[in-house]
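Hi,

Here is the structure I promised to pass on. Have a look at it first, and my notes follow below.

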Amino acid sequence: MLPGIAELVMGKDDPLSKKDVALLEVIAAVYLLQKQMYEDHKNTYKERIVSIYQPHVGPIVRGKQNARVEFGSNLGVSLDNGFACLNHLNFSAYYKGKYLTPQVEEYFKIYRHYPDLVPIDKAYSTWENRNWLKEKKH
C-alpha cells in the first residue's frame, strides 16, 4: 500500500467516499505489485490482485478445456434435515482434497452423527480420502 492514501484524500473540501478510498488503496496495491514484479523480473506472484473491485478473489487454475482459469470461491456445505451449513469458504486457490476429513469431522461435531452420504468430486477422490470414508462407512 502507498502510505497515507486515506490521509491524503480524507478531510479535504471535496473528500472521497470510503468506497472510493478503498478502491484507490487497491489500485495503489496493484501498482506496487506491478512495480515489484518489474523490479524482480517476474511475470506473476501467487497472491496477485486480478480485480480492483474484488481484490479478495483470486484466479484458480483448473486446466479445464473450456475454462483453464476460474474465479470465485471454494466452499464446503453440509446438509442435514433440510438445513444447510457452510463449513468452509475460501477465495484463494487451494487443494481442496485435504479439506474432506475436517469437514466431515466438523459435521459430526455439530450433528453428533456422520452424514449418510458424502458426494465428492474428482478433487476429493484421493486414495487417502476414499479409505477414510470407507472406514467411516460412507
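**What I found**

Going along the sequence, the protein chain runs α-α-β-β-β-β-α-α, which gives four helices and four strands. Helices (H or I, at least four residues) and strands (E, at least two) are DSSP runs, numbered from the N terminus.

Before the details, some housekeeping. This is a predicted model, so local features need pLDDT of at least 70 and side-chain atom pairs count only at pLDDT 80 or more, while totals for chains, interfaces and linings use all residues. Residues are numbered from 1 along each chain as its sequence is written, and side-chain values use heavy atoms, with hydrogens and water left out.

First, the overall numbers. Buried residues account for 23% of the 138 residues in the protein chain; buried means under 20% relative accessible area, exposed over 50%, and partly exposed in between (1.4 Å probe, protein chains only). The chain exposes about 10600 Å², with carbon and sulfur atoms supplying 55% of that. Those areas come from the Shrake-Rupley method with a 1.4 Å probe, and for residues only the protein chains shown count as cover. Of the contacts (heavy atoms within 4.5 Å) between residues at least 6 apart in sequence, 32% join residues at least 24 apart.

On to the strands. Proline 59 is in strand E1 (residues 59-61) and is buried, at 13% relative accessible area. Between the C-alpha atoms of proline 59 and valine 69, ten residues apart along the chain, the separation is 6.2 Å.

Then there is the helix pair towards the end of my list. How do H3 and H4 lie relative to each other? H3 (residues 100-111) packs against H4 (residues 127-135) at an angle of about 25 degrees, with the axes 10 Å apart. The two are therefore roughly parallel. The contact uses Leu100, Thr101, Val104 and Glu105 of H3 together with Asn129, Trp132 and Leu133 of H4. These divide into four nonpolar, two polar and one charged.

Angles under 35 degrees count as roughly parallel, over 145 as roughly antiparallel, 65 to 115 as roughly perpendicular and the rest as oblique. Ala, Val, Leu, Ile, Met, Phe, Trp, Tyr, Cys and Pro count as nonpolar, Asp, Glu, Lys and Arg as charged, and the others, Gly among them, as polar.

Glutamine 103 is buried at 15% relative accessibility and touches Gly76, Val77, Asn87, His88 and Tyr124, leaving aside residues up to four places away in sequence. Phenylalanine 108 is partly exposed, at 29%.

Cheers

Technical notes:
Axes are lines fitted to C-alpha atoms, for helices over the stretch in contact, and angles run from 0 to 180 degrees between N-to-C directions.
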